[in-house]
Amino acid sequence: MRSRILSASLLVGAASTFSIAHRPLGLRHTSAMARSNVQLADGHFEYLVIGAGSGGIASARRAAQYGAKVAIVERARLGGTCVNVGCVPKKIMYLAASMMEMMHDSPGYGFQDVNFKFDWPTIKANRDAYIVRLNGIYDRNLGNSKVQTLLGTASFVGPKEVMVDGKTYTADHILIAVGGAPTMPTFPGSENCINSDGFFELEDLPKKCVVIGGGYIAVELAGVLQALGTEVTLIVRGVRPLKNFDDLICATLAEEMDHSGMKVHCNSQITSAEKGADGMMKVVLSDGSAVEGVDCMIAATGRAPMLSPLNLEAAGVEVTKKGYVAVDEYQATNVKGVYAVGDVIDNWQLTPVAIAAGRRLSDRLFDGQTEAKLNYDLVPTVVFSHPPIGTVGLTEKEAVAKYGEEDIKVYSSTFVNMIHAVCTRKSKTAMKLVCVKSLKEKVVGVHIIGTGADEMLQGFGVAMKMGATKMDFDNCVAIHPTAAEELVTMR
(Lines give C-alpha, C1' and ligand atoms only; values in the text may rest on other atoms or scores of the structure.)
Protein backbone atom coordinates (compact mmCIF):
# COMPACT_ATOMS: atom_id res chain seq x y z
CA MET A 1 0.00 0.00 0.00
CA ARG A 2 1.52 3.20 -1.03
CA SER A 3 2.12 5.07 1.83
CA ARG A 4 0.39 6.90 2.22
CA ILE A 5 0.00 6.69 6.39
CA LEU A 6 -2.65 5.76 9.00
CA SER A 7 -3.53 8.19 11.75
CA ALA A 8 -3.69 6.75 15.25
CA SER A 9 -7.50 6.72 15.19
CA LEU A 10 -7.71 5.07 11.76
CA LEU A 11 -5.03 2.55 12.57
CA VAL A 12 -6.69 0.64 15.31
CA GLY A 13 -8.92 -0.47 12.64
CA ALA A 14 -9.70 -1.63 11.94
CA ALA A 15 -9.45 -1.59 15.73
CA SER A 16 -12.21 0.54 17.08
CA THR A 17 -16.00 0.22 17.14
CA PHE A 18 -17.44 1.18 13.77
CA SER A 19 -19.88 4.07 13.62
CA ILE A 20 -22.99 3.76 11.47
CA ALA A 21 -24.59 7.16 11.48
CA HIS A 22 -27.89 6.32 9.86
CA ARG A 23 -29.13 4.01 12.59
CA PRO A 24 -28.24 3.03 16.20
CA LEU A 25 -26.28 -0.17 16.79
CA GLY A 26 -29.24 -2.11 18.19
CA LEU A 27 -31.36 -1.35 15.14
CA ARG A 28 -28.89 -2.39 12.46
CA HIS A 29 -29.88 -5.00 9.95
CA THR A 30 -28.49 -8.47 10.48
CA SER A 31 -27.70 -10.71 7.56
CA ALA A 32 -30.44 -12.71 5.89
CA MET A 33 -29.10 -15.98 7.29
CA ALA A 34 -28.91 -14.59 10.81
CA ARG A 35 -32.43 -13.17 10.62
CA SER A 36 -33.85 -16.52 9.51
CA ASN A 37 -31.84 -18.48 12.14
CA VAL A 38 -30.37 -20.69 9.41
CA GLN A 39 -27.37 -22.65 10.71
CA LEU A 40 -24.43 -22.55 8.34
CA ALA A 41 -22.04 -25.48 7.94
CA ASP A 42 -18.65 -25.11 9.59
CA GLY A 43 -16.92 -24.82 6.23
CA HIS A 44 -19.42 -22.37 4.75
CA PHE A 45 -19.53 -18.62 5.38
CA GLU A 46 -21.69 -15.78 4.24
CA TYR A 47 -18.52 -13.73 3.72
CA LEU A 48 -14.99 -15.00 3.18
CA VAL A 49 -12.25 -12.38 3.04
CA ILE A 50 -8.87 -13.29 1.58
CA GLY A 51 -6.22 -11.05 3.09
CA ALA A 52 -6.13 -9.61 6.62
CA GLY A 53 -4.74 -6.23 5.73
CA SER A 54 -6.43 -2.95 6.52
CA GLY A 55 -9.11 -3.21 3.82
CA GLY A 56 -9.89 -6.87 4.43
CA ILE A 57 -10.13 -6.52 8.19
CA ALA A 58 -12.30 -3.43 7.96
CA SER A 59 -14.72 -5.13 5.57
CA ALA A 60 -14.80 -8.37 7.57
CA ARG A 61 -15.54 -6.66 10.87
CA ARG A 62 -18.20 -4.43 9.33
CA ALA A 63 -19.94 -7.50 7.85
CA ALA A 64 -19.74 -9.38 11.17
CA GLN A 65 -21.24 -6.36 12.90
CA TYR A 66 -24.31 -6.83 10.72
CA GLY A 67 -24.60 -10.42 11.90
CA ALA A 68 -22.96 -12.22 8.98
CA LYS A 69 -20.91 -15.36 9.49
CA VAL A 70 -17.44 -14.19 8.43
CA ALA A 71 -13.99 -15.69 8.05
CA ILE A 72 -10.75 -14.03 7.03
CA VAL A 73 -7.70 -15.78 5.57
CA GLU A 74 -4.13 -14.62 6.15
CA ARG A 75 -0.82 -16.32 5.45
CA ALA A 76 1.45 -13.77 7.18
CA ARG A 77 1.12 -11.24 9.98
CA LEU A 78 -2.23 -9.58 10.60
CA GLY A 79 -2.49 -6.00 9.43
CA GLY A 80 -1.03 -6.43 5.97
CA THR A 81 1.42 -4.08 4.30
CA CYS A 82 0.41 -0.93 6.16
CA VAL A 83 0.92 -2.23 9.67
CA ASN A 84 3.93 -4.47 9.07
CA VAL A 85 6.08 -2.99 6.30
CA GLY A 86 4.33 0.19 5.22
CA CYS A 87 2.44 3.09 6.67
CA VAL A 88 2.98 2.49 10.36
CA PRO A 89 6.67 1.55 10.65
CA LYS A 90 7.52 4.12 7.98
CA LYS A 91 5.76 6.87 9.92
CA ILE A 92 7.76 5.91 13.01
CA MET A 93 10.97 6.26 11.03
CA TYR A 94 9.77 9.57 9.59
CA LEU A 95 9.15 10.82 13.13
CA ALA A 96 12.62 9.70 14.21
CA ALA A 97 14.14 11.61 11.29
CA SER A 98 12.01 14.67 12.09
CA MET A 99 13.27 14.60 15.67
CA MET A 100 16.84 14.62 14.38
CA GLU A 101 16.02 17.68 12.29
CA MET A 102 14.52 19.37 15.33
CA MET A 103 17.64 18.66 17.38
CA HIS A 104 19.77 20.27 14.69
CA ASP A 105 17.44 23.29 14.78
CA SER A 106 17.32 23.47 18.60
CA PRO A 107 20.40 25.72 19.15
CA GLY A 108 18.41 28.55 17.57
CA TYR A 109 15.96 28.18 20.44
CA GLY A 110 18.70 28.36 23.04
CA PHE A 111 19.39 24.68 23.59
CA GLN A 112 23.09 24.08 24.03
CA ASP A 113 25.32 21.00 23.91
CA VAL A 114 22.56 18.91 22.31
CA ASN A 115 23.63 15.27 21.90
CA PHE A 116 22.92 14.29 18.29
CA LYS A 117 23.90 10.63 18.71
CA PHE A 118 21.36 8.34 17.09
CA ASP A 119 21.10 4.60 17.81
CA TRP A 120 19.37 2.67 15.00
CA PRO A 121 19.03 -0.62 16.94
CA THR A 122 17.02 1.19 19.64
CA ILE A 123 14.41 2.60 17.27
CA LYS A 124 14.27 -0.70 15.36
CA ALA A 125 13.61 -2.68 18.54
CA ASN A 126 10.98 -0.21 19.78
CA ARG A 127 9.32 0.00 16.37
CA ASP A 128 9.21 -3.77 15.92
CA ALA A 129 7.76 -4.25 19.41
CA TYR A 130 5.05 -1.70 18.61
CA ILE A 131 4.15 -3.58 15.41
CA VAL A 132 3.86 -6.85 17.35
CA ARG A 133 1.45 -5.13 19.75
CA LEU A 134 -0.62 -3.96 16.80
CA ASN A 135 -0.72 -7.50 15.38
CA GLY A 136 -2.17 -8.58 18.71
CA ILE A 137 -4.73 -5.79 18.70
CA TYR A 138 -5.94 -6.82 15.25
CA ASP A 139 -6.18 -10.45 16.37
CA ARG A 140 -8.20 -9.57 19.47
CA ASN A 141 -10.52 -7.27 17.57
CA LEU A 142 -11.25 -9.90 14.96
CA GLY A 143 -12.08 -12.30 17.78
CA ASN A 144 -14.24 -9.73 19.54
CA SER A 145 -16.12 -9.21 16.28
CA LYS A 146 -16.60 -12.99 15.96
CA VAL A 147 -14.64 -13.14 12.71
CA GLN A 148 -12.99 -16.53 12.30
CA THR A 149 -9.32 -16.31 11.32
CA LEU A 150 -7.97 -18.96 8.95
CA LEU A 151 -4.18 -19.06 8.82
CA GLY A 152 -2.69 -20.21 5.53
CA THR A 153 -2.53 -19.51 1.81
CA ALA A 154 -5.85 -19.24 -0.03
CA SER A 155 -6.50 -20.35 -3.60
CA PHE A 156 -9.71 -20.63 -5.57
CA VAL A 157 -10.95 -24.06 -6.62
CA GLY A 158 -14.23 -22.68 -7.98
CA PRO A 159 -16.25 -19.45 -8.14
CA LYS A 160 -17.46 -19.81 -4.54
CA GLU A 161 -14.86 -22.27 -3.24
CA VAL A 162 -11.50 -21.49 -1.68
CA MET A 163 -8.88 -23.92 -0.44
CA VAL A 164 -6.73 -22.96 2.55
CA ASP A 165 -3.87 -25.33 3.27
CA GLY A 166 -5.75 -28.37 2.04
CA LYS A 167 -9.19 -27.60 3.43
CA THR A 168 -11.98 -26.27 1.21
CA TYR A 169 -14.34 -23.49 2.30
CA THR A 170 -17.37 -22.09 0.52
CA ALA A 171 -18.99 -18.69 0.80
CA ASP A 172 -21.87 -16.63 -0.54
CA HIS A 173 -19.56 -13.66 -1.01
CA ILE A 174 -15.76 -13.60 -1.33
CA LEU A 175 -13.52 -10.54 -1.09
CA ILE A 176 -10.03 -10.47 -2.59
CA ALA A 177 -7.88 -8.12 -0.49
CA VAL A 178 -4.42 -9.69 -0.60
CA GLY A 179 -2.50 -6.46 -1.27
CA GLY A 180 0.72 -6.11 -3.21
CA ALA A 181 4.44 -6.78 -3.01
CA PRO A 182 7.48 -4.75 -4.10
CA THR A 183 8.75 -5.14 -7.65
CA MET A 184 12.48 -5.28 -8.33
CA PRO A 185 14.57 -3.81 -11.16
CA THR A 186 16.86 -6.03 -13.18
CA PHE A 187 20.46 -5.08 -13.97
CA PRO A 188 23.87 -6.67 -13.39
CA GLY A 189 24.26 -6.67 -9.61
CA SER A 190 20.58 -6.07 -8.84
CA GLU A 191 20.70 -9.09 -6.54
CA ASN A 192 22.55 -6.79 -4.14
CA CYS A 193 19.41 -4.64 -3.75
CA ILE A 194 16.97 -4.88 -0.92
CA ASN A 195 13.38 -3.80 -1.47
CA SER A 196 11.30 -1.38 0.58
CA ASP A 197 10.19 -4.23 2.83
CA GLY A 198 13.84 -5.03 3.49
CA PHE A 199 14.41 -1.49 4.73
CA PHE A 200 12.63 -2.49 7.94
CA GLU A 201 15.00 -5.45 8.40
CA LEU A 202 18.14 -3.31 8.40
CA GLU A 203 20.07 -3.82 11.64
CA ASP A 204 22.15 -0.65 11.36
CA LEU A 205 21.94 2.77 9.76
CA PRO A 206 23.63 2.64 6.34
CA LYS A 207 26.57 4.98 5.83
CA LYS A 208 26.07 5.45 2.10
CA CYS A 209 22.87 4.40 0.37
CA VAL A 210 21.52 4.43 -3.17
CA VAL A 211 17.72 4.56 -3.36
CA ILE A 212 16.15 3.65 -6.71
CA GLY A 213 12.76 5.16 -7.58
CA GLY A 214 10.87 8.40 -7.89
CA GLY A 215 7.56 7.65 -6.17
CA TYR A 216 6.19 8.02 -2.66
CA ILE A 217 8.17 5.18 -1.12
CA ALA A 218 11.54 6.10 -2.61
CA VAL A 219 11.19 9.76 -1.65
CA GLU A 220 10.12 8.90 1.89
CA LEU A 221 12.86 6.35 2.59
CA ALA A 222 15.53 8.57 1.05
CA GLY A 223 14.40 11.48 3.23
CA VAL A 224 14.45 9.38 6.41
CA LEU A 225 17.96 8.09 5.79
CA GLN A 226 19.37 11.48 4.79
CA ALA A 227 17.96 13.17 7.89
CA LEU A 228 19.35 10.46 10.16
CA GLY A 229 22.86 10.85 8.77
CA THR A 230 23.18 8.53 5.78
CA GLU A 231 24.75 9.89 2.59
CA VAL A 232 21.91 9.28 0.11
CA THR A 233 21.83 9.23 -3.67
CA LEU A 234 18.35 9.02 -5.23
CA ILE A 235 18.15 7.55 -8.74
CA VAL A 236 15.02 8.63 -10.64
CA ARG A 237 14.21 7.22 -14.06
CA GLY A 238 11.83 10.09 -14.87
CA VAL A 239 12.26 13.84 -15.09
CA ARG A 240 11.78 14.41 -11.36
CA PRO A 241 10.64 12.73 -8.16
CA LEU A 242 6.85 12.61 -7.71
CA LYS A 243 6.44 13.59 -11.34
CA ASN A 244 2.63 13.56 -11.22
CA PHE A 245 2.41 16.08 -8.40
CA ASP A 246 1.92 19.81 -8.91
CA ASP A 247 4.91 21.70 -10.30
CA LEU A 248 5.17 23.97 -7.25
CA ILE A 249 5.34 20.99 -4.92
CA CYS A 250 7.98 19.21 -7.00
CA ALA A 251 10.15 22.31 -7.39
CA THR A 252 10.06 22.99 -3.65
CA LEU A 253 10.82 19.35 -2.82
CA ALA A 254 13.81 19.37 -5.20
CA GLU A 255 15.15 22.49 -3.51
CA GLU A 256 14.74 21.01 -0.03
CA MET A 257 16.40 17.74 -1.07
CA ASP A 258 19.35 19.71 -2.40
CA HIS A 259 19.63 21.75 0.81
CA SER A 260 19.62 18.53 2.86
CA GLY A 261 22.70 17.29 0.98
CA MET A 262 20.88 14.52 -0.87
CA LYS A 263 22.15 13.82 -4.38
CA VAL A 264 19.38 13.31 -6.94
CA HIS A 265 19.97 11.92 -10.43
CA CYS A 266 16.95 12.33 -12.73
CA ASN A 267 16.50 10.79 -16.18
CA SER A 268 18.90 8.16 -14.95
CA GLN A 269 19.06 4.40 -14.45
CA ILE A 270 21.54 1.97 -12.95
CA THR A 271 23.51 -0.07 -15.47
CA SER A 272 25.45 -2.17 -12.94
CA ALA A 273 26.27 -2.57 -9.27
CA GLU A 274 29.47 -4.39 -8.47
CA LYS A 275 30.25 -5.50 -4.91
CA GLY A 276 33.90 -5.48 -3.91
CA ALA A 277 35.80 -7.71 -1.51
CA ASP A 278 35.11 -5.22 1.29
CA GLY A 279 31.34 -5.55 0.74
CA MET A 280 31.04 -2.03 -0.65
CA MET A 281 29.34 -1.48 -3.99
CA LYS A 282 30.20 0.59 -7.03
CA VAL A 283 26.92 1.67 -8.64
CA VAL A 284 27.30 2.76 -12.27
CA LEU A 285 24.64 5.03 -13.81
CA SER A 286 23.41 5.33 -17.39
CA ASP A 287 25.28 8.62 -17.89
CA GLY A 288 28.58 6.87 -17.12
CA SER A 289 29.01 8.32 -13.64
CA ALA A 290 29.36 6.09 -10.59
CA VAL A 291 28.55 6.13 -6.90
CA GLU A 292 31.25 4.31 -4.96
CA GLY A 293 31.51 3.03 -1.41
CA VAL A 294 27.81 2.14 -1.23
CA ASP A 295 26.88 -0.18 1.65
CA CYS A 296 23.13 -0.29 0.97
CA MET A 297 21.01 -0.17 -2.18
CA ILE A 298 17.22 0.02 -1.87
CA ALA A 299 14.85 -0.54 -4.78
CA ALA A 300 11.54 1.28 -4.37
CA THR A 301 10.38 1.07 -7.96
CA GLY A 302 6.76 0.09 -7.44
CA ARG A 303 4.50 -2.68 -6.21
CA ALA A 304 2.43 -5.36 -7.95
CA PRO A 305 -0.69 -7.22 -6.74
CA MET A 306 -0.01 -10.61 -5.12
CA LEU A 307 -2.42 -12.61 -7.25
CA SER A 308 -0.37 -15.66 -8.27
CA PRO A 309 -1.25 -17.87 -5.26
CA LEU A 310 -4.99 -17.22 -5.71
CA ASN A 311 -5.52 -19.35 -8.83
CA LEU A 312 -8.06 -16.82 -10.13
CA GLU A 313 -8.54 -18.87 -13.29
CA ALA A 314 -10.39 -21.52 -11.29
CA ALA A 315 -12.96 -18.93 -10.31
CA GLY A 316 -13.03 -17.23 -13.70
CA VAL A 317 -12.04 -13.84 -12.26
CA GLU A 318 -10.74 -11.48 -14.92
CA VAL A 319 -7.62 -9.31 -14.56
CA THR A 320 -6.64 -6.19 -16.47
CA LYS A 321 -3.76 -5.86 -18.91
CA LYS A 322 -1.74 -4.35 -16.07
CA GLY A 323 -2.32 -7.42 -13.94
CA TYR A 324 -4.89 -6.02 -11.49
CA VAL A 325 -8.25 -7.56 -10.61
CA ALA A 326 -10.89 -5.95 -12.82
CA VAL A 327 -13.77 -4.45 -10.82
CA ASP A 328 -16.68 -2.11 -11.35
CA GLU A 329 -17.61 0.94 -9.27
CA TYR A 330 -19.10 -1.36 -6.61
CA GLN A 331 -15.85 -3.36 -6.23
CA ALA A 332 -17.50 -6.33 -8.01
CA THR A 333 -15.53 -8.58 -10.35
CA ASN A 334 -16.99 -10.27 -13.42
CA VAL A 335 -17.88 -13.28 -11.21
CA LYS A 336 -21.06 -12.83 -9.20
CA GLY A 337 -20.32 -12.76 -5.48
CA VAL A 338 -16.57 -12.10 -5.84
CA TYR A 339 -15.17 -8.64 -5.07
CA ALA A 340 -11.80 -6.89 -4.66
CA VAL A 341 -10.45 -3.87 -2.79
CA GLY A 342 -7.07 -2.32 -2.04
CA ASP A 343 -3.79 -2.77 -3.86
CA VAL A 344 -5.10 -5.61 -6.06
CA ILE A 345 -7.20 -3.14 -8.07
CA ASP A 346 -5.92 -0.34 -10.29
CA ASN A 347 -7.04 2.64 -8.25
CA TRP A 348 -5.80 4.72 -5.31
CA GLN A 349 -3.41 2.41 -3.47
CA LEU A 350 -3.83 3.97 -0.05
CA THR A 351 -4.73 2.32 3.24
CA PRO A 352 -7.68 4.60 4.09
CA VAL A 353 -9.08 4.07 0.60
CA ALA A 354 -9.02 0.28 1.02
CA ILE A 355 -10.66 0.60 4.44
CA ALA A 356 -13.40 2.88 3.15
CA ALA A 357 -14.07 0.71 0.07
CA GLY A 358 -14.19 -2.45 2.18
CA ARG A 359 -16.64 -0.99 4.68
CA ARG A 360 -18.96 0.36 2.00
CA LEU A 361 -18.95 -3.02 0.31
CA SER A 362 -20.13 -4.69 3.53
CA ASP A 363 -22.73 -1.95 4.02
CA ARG A 364 -24.15 -2.87 0.63
CA LEU A 365 -23.93 -6.64 0.95
CA PHE A 366 -25.10 -7.08 4.53
CA ASP A 367 -27.03 -3.95 5.53
CA GLY A 368 -29.23 -3.33 2.51
CA GLN A 369 -27.50 -0.07 1.52
CA THR A 370 -27.93 -0.90 -2.14
CA GLU A 371 -26.07 2.12 -3.49
CA ALA A 372 -23.19 2.10 -0.99
CA LYS A 373 -19.85 2.49 -2.76
CA LEU A 374 -16.70 4.53 -2.40
CA ASN A 375 -16.41 7.77 -4.33
CA TYR A 376 -12.80 7.81 -5.51
CA ASP A 377 -12.85 11.54 -6.34
CA LEU A 378 -10.98 14.08 -4.21
CA VAL A 379 -8.98 11.61 -2.16
CA PRO A 380 -6.52 13.47 0.11
CA THR A 381 -3.04 12.01 0.25
CA VAL A 382 0.18 12.74 2.11
CA VAL A 383 3.81 12.01 1.30
CA PHE A 384 6.01 11.83 4.39
CA SER A 385 8.95 13.45 2.67
CA HIS A 386 11.18 16.02 4.35
CA PRO A 387 9.32 18.37 4.47
CA PRO A 388 5.97 16.54 4.18
CA ILE A 389 3.51 17.00 1.33
CA GLY A 390 -0.28 17.09 1.41
CA THR A 391 -2.40 17.22 -1.72
CA VAL A 392 -6.01 16.74 -2.79
CA GLY A 393 -7.67 17.30 -6.15
CA LEU A 394 -6.29 18.43 -9.49
CA THR A 395 -2.84 19.82 -10.16
CA GLU A 396 -2.69 23.10 -12.06
CA LYS A 397 -1.83 21.25 -15.29
CA GLU A 398 -4.65 18.76 -14.80
CA ALA A 399 -7.13 21.56 -14.15
CA VAL A 400 -6.04 23.41 -17.29
CA ALA A 401 -6.44 20.22 -19.32
CA LYS A 402 -9.94 19.67 -17.93
CA TYR A 403 -11.37 23.21 -17.86
CA GLY A 404 -9.11 25.23 -20.17
CA GLU A 405 -6.39 27.70 -19.24
CA GLU A 406 -8.68 30.75 -19.37
CA ASP A 407 -11.03 29.22 -16.80
CA ILE A 408 -8.37 28.50 -14.15
CA LYS A 409 -7.33 30.88 -11.38
CA VAL A 410 -4.35 29.92 -9.22
CA TYR A 411 -3.39 31.30 -5.83
CA SER A 412 0.01 30.39 -4.42
CA SER A 413 2.40 31.35 -1.65
CA THR A 414 5.92 30.38 -0.62
CA PHE A 415 7.34 31.30 2.77
CA VAL A 416 9.52 30.12 5.65
CA ASN A 417 7.50 28.46 8.41
CA MET A 418 7.67 30.23 11.75
CA ILE A 419 9.33 27.20 13.35
CA HIS A 420 12.45 28.14 11.41
CA ALA A 421 12.31 31.86 12.26
CA VAL A 422 15.18 31.65 14.76
CA CYS A 423 17.03 28.73 13.16
CA THR A 424 19.89 28.59 10.71
CA ARG A 425 17.99 26.09 8.57
CA LYS A 426 15.24 27.84 6.61
CA SER A 427 12.99 25.09 5.25
CA LYS A 428 10.35 26.45 2.90
CA THR A 429 6.60 25.98 2.87
CA ALA A 430 4.70 26.31 -0.41
CA MET A 431 0.95 26.25 -1.00
CA LYS A 432 -1.33 26.42 -4.01
CA LEU A 433 -5.08 26.66 -4.53
CA VAL A 434 -6.39 25.74 -8.00
CA CYS A 435 -9.81 27.26 -8.73
CA VAL A 436 -12.31 27.22 -11.61
CA LYS A 437 -13.57 30.72 -12.48
CA SER A 438 -16.82 29.64 -14.13
CA LEU A 439 -17.80 27.64 -11.03
CA LYS A 440 -17.59 30.66 -8.71
CA GLU A 441 -13.92 29.89 -8.16
CA LYS A 442 -14.65 26.43 -6.83
CA VAL A 443 -11.47 24.99 -5.33
CA VAL A 444 -10.52 21.88 -7.32
CA GLY A 445 -6.98 21.47 -6.02
CA VAL A 446 -5.12 22.11 -2.76
CA HIS A 447 -1.37 21.45 -2.66
CA ILE A 448 0.93 21.96 0.33
CA ILE A 449 4.56 21.18 1.12
CA GLY A 450 6.10 22.18 4.43
CA THR A 451 6.10 21.56 8.15
CA GLY A 452 2.65 20.40 9.27
CA ALA A 453 1.28 19.82 5.76
CA ASP A 454 0.30 16.28 6.72
CA GLU A 455 -1.84 17.43 9.65
CA MET A 456 -3.49 20.45 8.05
CA LEU A 457 -4.76 18.79 4.86
CA GLN A 458 -7.59 16.67 6.31
CA GLY A 459 -9.93 19.56 7.07
CA PHE A 460 -9.39 21.16 3.68
CA GLY A 461 -10.19 17.79 2.11
CA VAL A 462 -13.58 17.90 3.84
CA ALA A 463 -14.17 21.42 2.54
CA MET A 464 -13.42 20.36 -1.01
CA LYS A 465 -15.75 17.35 -0.79
CA MET A 466 -18.46 19.85 0.18
CA GLY A 467 -17.72 21.97 -2.92
CA ALA A 468 -15.94 24.89 -1.23
CA THR A 469 -15.12 27.97 -3.27
CA LYS A 470 -12.32 30.48 -2.82
CA MET A 471 -14.84 32.79 -1.14
CA ASP A 472 -15.67 30.06 1.36
CA PHE A 473 -11.96 29.83 2.18
CA ASP A 474 -11.75 33.63 2.45
CA ASN A 475 -14.79 33.79 4.74
CA CYS A 476 -13.11 31.52 7.28
CA VAL A 477 -11.31 33.55 9.94
CA ALA A 478 -7.60 32.74 10.00
CA ILE A 479 -5.92 31.06 12.97
CA HIS A 480 -2.82 33.11 13.75
CA PRO A 481 0.07 32.48 13.79
CA THR A 482 -0.08 29.26 11.80
CA ALA A 483 0.99 28.07 8.37
CA ALA A 484 -2.56 26.89 7.64
CA GLU A 485 -3.90 30.46 7.76
CA GLU A 486 -2.13 31.12 4.46
CA LEU A 487 -4.74 28.95 2.73
CA VAL A 488 -7.55 31.27 3.82
CA THR A 489 -5.73 34.57 3.25
CA MET A 490 -4.21 34.16 -0.23
CA ARG A 491 -4.71 36.97 -2.72
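At what relative accessibility does lysine 90 stand, and does lysine 90 count as buried or exposed?

A: Lysine 90 counts as buried, because its relative accessibility is 5%; buried means under 20% relative accessible area, exposed over 50% and partly exposed in between, with a 1.4 Å probe and protein chains only. The model is predicted, so local features need pLDDT of at least 70 and side-chain atom pairs pLDDT 80 or more, while totals for chains, interfaces and linings use all residues. Residues are numbered from 1 along each chain as its sequence is written, and side-chain values use heavy atoms, without hydrogens or water.

The partner of lysine 90 is glutamate 220: the two form a salt bridge whose closest N and O atoms are 2.4 Å apart. This pair links distant parts of the chain, with glutamate 220 in helix H8 (residues 216-228) and lysine 90 in helix H5, 130 residues apart. A salt bridge here is a side-chain nitrogen of Lys or Arg within 4 Å of a carboxyl oxygen of Asp or Glu. Helices (H or I, at least four residues) and strands (E, at least two) are DSSP runs numbered from the N terminus. Glutamate 220 also counts as buried, because its relative accessibility is 1%. In general, side chains of opposite charge can pair when their charged atoms come close.

Apart from neighbours within four places in sequence, phenylalanine 200 is in contact (heavy atoms within 4.5 Å) with Val85, Gly86, Pro89, Lys90, Met93, Lys124 and Arg127. Phenylalanine 200 lies in the loop between helix H7 (196-199) and strand E9 (208-212), and counts as buried because its relative accessibility is 5%.

In the pair of arginine 127 and aspartate 128, the closest N and O atoms are 3.2 Å apart. The structure holds 17 salt bridges. Another one joins lysine 428 to glutamate 255, with the closest N and O atoms 3.0 Å apart. Here too the pair links distant parts of the chain: lysine 428 in strand E21 (residues 428-436) and glutamate 255 in helix H9 (residues 247-260), 173 residues apart. Lysine 428 counts as partly exposed, because its relative accessibility is 28%; glutamate 255 is partly exposed as well, because its relative accessible area is 28%.

Lysine 91 gives a contrasting case. It is the nearest side chain of opposite charge to aspartate 454, at 4.5 Å, and aspartate 454 is buried yet has no salt bridge. Aspartate 454 is placed in helix H13 (residues 453-465). Not counting residues up to four places away in sequence, aspartate 454 touches Val382, Phe384 and Pro388.

Threonine 381, placed in strand E18, is buried because its relative accessible area is 5%. Beyond four places in sequence, it touches Tyr216, Trp348, Leu350, Ile389, Gly390, Thr391 and Leu457. Proline 387 lies in the loop between strand E18 (381-383) and strand E19 (389-393). The peptide bond leading from histidine 386 to proline 387 is cis, with omega near 0°.

Back at helix H5, the loop between helix H5 (87-105) and helix H6 (120-144) holds tyrosine 109, which is partly exposed because its relative accessible area is 45%. Aspartate 113 is found in the loop between H5 and H6. Aspartate 113 is exposed, because its relative accessible area is 79%. Although not a glycine, aspartate 113 has a positive phi of about 55°.

Terms used. Lys, Arg positive; Asp, Glu negative; His and termini not counted.
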